[in-house]
Amino acid sequence: MITGEDLEKRYGRKRALQGVSFDLPRRGFLLVTGPNGSGKTTLLRLVAGLSAPTRGTLTVDGERVDLGYVGHEPLLYRELTALENLDLFGRLYRVPERRERSGMLLERFGLWDVRADRVSTFSRGMTQRLALCRALLHDPSLLVLDEPFTALDDDGAALLDGELASLAGERTIVLSTHDPARVAPLATHTLALT
Amino acid sequence: MNALALYTADVVALARKDLKLELRARDTLPAMLLFVLSTLAVFHFALPAGTGDDAAFGLLWIAIVFTALLGLARAWAPEREGGALDGLVLAPCDRSAIWLGKTLATLAFLAAAELVALPAFALLFAPVDLVAVAGVALASIGICAVGSLLAAMAAASRGREVILPLLFLPLAIPLVVGGVGAGISPEGATYLSFLGLYDLVFAILAWATFEYVVTE
């Protein structure tokens, strides 16, 4: 489903990614590891279609409608409430019965009680939970998760563990993390960047 | 729902979101109102006695263009702060809806500033007739259509405060010419036609190119 061949990404003179190739079948789970600055975020932005490679080819089957993305930024409006954010993105992502789906995700991620609070009042961990809700809102067939455990407390991380366990094998997942042991049992493919 | 209805619903949702954000944060509109009123007040005292209406209309357009620039500089701030633009770009909606929603919201803020500025101008400088008001309305559409696109381009760069005026002001010159012409010329209708043509051409260009502006 996703094929990268000799991918390179440059920002001006700076080379953020070089010579990366991989092949991930549909419903596969690609674990991307590597130290800071190795190009994990750059690679995941390429896979998400938020950036284009300077060289090499990247093929991602499927439509944009089927992609859920969690990045370093929450991709949320800080002055909208949790529910307003999910309602807006639910509309734009064509989610049928988006209010029910939003409510279900907010409950699952422990945010139902703060659904009417603005994101600007959330802690980083709560914001990350809401970013995960946004990414899962349209039940995507491809999930691109850039260090999704960042800022999550033990409960939040356990929730995400459960989500990933239920989605692995059902969805195509590309995930980068500094804690590979946490998700290694779920991964079908591994890509170590240097 | 057919494609046009879906597109319209997306645009309305995006524009309404911007109005809601402004109602809560009050980041943009108060600054625009204060700026346009204080600029007109300063011009009132700076303009020598006996200066004709022609010069006064020129000053009105300086106030309007820089008030618009103030609004445009803030236009994409909510998307920049939380990375929300990436969320919009990833959505399966037509990306031009993002531009159109932003253009409509910016136009609403500029129209609100002009609703205050025009009576103030009439009070301090010269009467404003219907042709001049139509000129302001048409030029404002062009300002917001072009400005929203350029502000999105500038928002992605580090020197956005410098880049936006550098990109926007040259493209605003025809609008100033048309707006001033509609206000002072006996052939106001010709200038209105010119402004309408500018709006049409640049709105289509902005609508068609926005997708390339928001993707790397």
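Student: Which residue is the bridge partner of Thr3(A) in β2(A)?
Tutor: This is a predicted model. In chain A, β1 spans residues 2-11 and β2 spans residues 14-24. These strands pair in the antiparallel sense over 7 bridges. In β2(A), Thr3(A) is bridged to Asp23(A).

Student: Which residue takes a positive phi in the hairpin of β1(A) and β2(A)?
Tutor: The hairpin has 2 residues between the strands. A positive phi near 65° is found there at Gly12(A).

Student: What is the bridge partner of Gly4(A) in β4(A)?
Tutor: β1(A) also pairs with β4(A), residues 55-60. That pairing is antiparallel, over 5 bridges. In β4(A), the partner of Gly4(A) is Leu58(A).

Student: Why is one side of β5 and of β8 in chain A left without a neighbour in the sheet?
Tutor: The open sheet has 5 strands with parallel pairing, in the order β5-β6-β7-β3-β8 of chain A. β5 (67-70) and β8 (189-192) of chain A are at the edges, so one side of each lacks a neighbour in the sheet. From one strand to the next, the twist averages 10°.

Student: What angle does the direction of α1(A) make with that of β6(A)?
Tutor: Helix α1(A), residues 40-48, packs on the sheet. It touches β3, β5, β6 and β7 of chain A. Its direction and that of β6(A) make about 155°.

Student: At what angle to β5(A) does α4(A) run?
Tutor: Helix α4(A) covers residues 124-136. It lies across β5 and β6 of chain A. Its angle to β5(A) is about 165°.

Terms used. Residues are numbered from 1 along each chain as its sequence is written. Chains are lettered from A and ligands numbered from 1 in the order in which they are written. This is a predicted model: local features need pLDDT of at least 70, side-chain atom pairs count only at pLDDT 80 or more; totals for chains, interfaces and linings use all residues. Two strands pair if DSSP finds at least two bridges between them. Helices (H or I, at least four residues) and strands (E, at least two) are DSSP runs, numbered from the N terminus. Axes are lines fitted to C-alpha atoms, for helices over the stretch in contact, and angles run from 0 to 180 degrees between N-to-C directions. Two residues are in contact if their C-beta atoms, placed from the backbone, lie within 7 Å.
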